[in-house]
Amino acid sequence: MRRPISTCRVGSTVCLFPSAARPSPASSSALRLQFQSRSLGTSSPIEMENPEFNIEPTAEECAEVVRRLNGIQQEVTEVSQRLGLKQEPRLVAVSKTKPAALVRACFEAGHVHFGENYVQELVTKSKQLPEGIKWRFIGHLQSNKCKQVLSVPNLDCVETVDSVKLATALDKAAAAAGRTTPLSILVQINTSGEESKSGADPEKVVDVVKEIREKCSRLHFAGLMTIGRFDEHPEPDFRKLVECRKKVCDELGLPVEQVELSMGMSHDFKIAIEEGSTNVRVGSSIFGARVYHK
Ligand SMILES: *Cc1c(COP(=O)(O)O)cnc(C)c1O
């Protein structure tokens, strides 16, 4: 059975949802609350709480997710062409809480970059899925979980490094895991100044990046990341991240093209690309709204 797709407006972007998953106005604010308290804060073991993780999707559901992924990829391409970008931003499909079979379907359709937020979920899923996948860890990370994250051989990037302490722990874990290639990391910046958000203080970005580059030889500093305010007008946060990159490049003598900006999610990825994003992280408009146990 093919579920009809319906659209809903979140922020300034129209998102596609299967009709059953379409958030009502009331549930989108509930979703947003969950979003802030669960997906961005510290987490408890997800498999215990997440009702979707172990549900095997049907072939039709897999096909629908692939269709939506292709739709988002096409939108990324269209915005990039309209802006005349030399390089199209990377689309990271954020599969947190979603079953491995959906990720496999997207991979088999040619998509390689996937993002996960929870260490245990990443470890479990990555064992069930092809090594050709490039995993990006985008959740809040504690130093004592670095070893587990580095146990994933096809971990491509950790986007959420918010301190020299965490970078040092990752560097050690990379050595212990015997990685042969440096691990790419992004430094997460708290551009909105909200207490609920992780990230380094924008004022400290140059110091943090400098120290990581000096001390952590197994890490490759690849750029900056922000989540930003969940808002119809996300531009101020995105511009702040662009400013942070300028400071880093000016003071450390790095070419701007070598410092990525990870910003933009389902509701604001097009605006993020217009503001200079090189890496957008899109979850619910590909995989459907997330459902968490209360
Ligand atoms: C969940 C998550 C996303 C994806 O959010 P959607 O609104 O579902 O696209 C992107 N980035 C981070 C850091 C996340 O935690």
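# Close-up views of a predicted model

Glu-275 is buried, with 19% relative accessible area. The model shown in these views is predicted.

**View 1. A salt bridge joins Glu-275 and Arg-239.** The two side chains meet at 2.9 Å, N to O. The pair links distant parts of the chain. Glu-275 sits in the loop between α10 (269-274) and β10 (279-282). Arg-239 belongs to helix α9 (residues 235-252). The partners are 36 residues apart. Glu-275 is buried because its 19% falls under the 20% limit. Arg-239, at 48% relative accessible area, is partly exposed.

**View 2. Lys-246 and Asp-250 pair within helix α9.** Side chains of opposite charge can pair when their charged atoms come close. Here the side chains of Lys-246 and Asp-250 form a salt bridge at 2.7 Å, N to O. The two residues are four apart in α9, about one turn of the helix. An α-helix has 3.6 residues a turn, so residues three or four places apart point the same way. Lys-246 is exposed, at 53% relative accessibility. Asp-250 is exposed too, with a relative accessible area of 53%. Elsewhere, salt bridges that share partners join Glu-116, Glu-121 and Lys-125 into one network.

**View 3. Arg-136 and Glu-159 form a buried pair.** The structure holds 16 salt bridges. In one of them, the side chains of Arg-136 and Glu-159 meet at 2.7 Å, N to O. Arg-136 lies in strand β5 and Glu-159 in strand β6 (residues 155-161), so the pair ties together parts that are 23 residues apart in sequence. Both partners are buried.

**View 4. Leu-141 is buried in a loop.** The loop runs between β5 (134-137) and α6 (146-150). Leu-141 has 4% relative accessibility, so it counts as buried. What does Leu-141 touch, not counting residues up to four places away in sequence? Its contacts are Val-119, Cys-146, Val-149, Val-158, Leu-166 and Leu-170. Leu-141 and Val-161 are 20 residues apart in sequence. In space, their C-alpha atoms are 7.6 Å apart.

**View 5. Helix α3 packs on helix α4.** Two packed helices are described by the angle between their axes and the distance between the axes. For α3 (residues 59-83) and α4 (residues 100-108), the angle is about 55°. Their axes are 9 Å apart. The angle makes α3 oblique to α4. The crossing is right-handed. From α3, the residues in contact are Glu-61, Cys-62, Val-65, Val-66 and Leu-69. They meet Ala-101, Leu-102, Ala-105 and Cys-106 of α4. Eight residues of this contact are nonpolar, none is polar and one is charged.

**View 6. Several residues of α4 are buried.** The buried residues are Ala-100, Ala-101, Leu-102, Val-103, Ala-105 and Cys-106. Which elements cover them? The cover includes α3, β4 (113-116), α5 (119-128), β5 and α11 (284-287). Just after α4 comes Gly-110, with a positive phi of about 110°.

How values were computed: Residues are numbered from 1 along each chain as its sequence is written. This is a predicted model: local features need pLDDT of at least 70, side-chain atom pairs count only at pLDDT 80 or more; totals for chains, interfaces and linings use all residues. Side-chain values use heavy atoms; hydrogens and water are left out. Axes are lines fitted to C-alpha atoms, for helices over the stretch in contact, and angles run from 0 to 180 degrees between N-to-C directions. Angles under 35 degrees count as roughly parallel, over 145 as roughly antiparallel, 65 to 115 as roughly perpendicular and the rest as oblique. A crossing is left-handed if the near helix is turned anticlockwise from the far one by less than a right angle, and right-handed if clockwise. Contact means heavy atoms within 4.5 Å. Ala, Val, Leu, Ile, Met, Phe, Trp, Tyr, Cys and Pro count as nonpolar, Asp, Glu, Lys and Arg as charged, and the others, Gly among them, as polar. Buried means under 20% relative accessible area, exposed over 50%, partly exposed in between (1.4 Å probe, protein chains only). A salt bridge is a side-chain nitrogen of Lys or Arg within 4 Å of a carboxyl oxygen of Asp or Glu.
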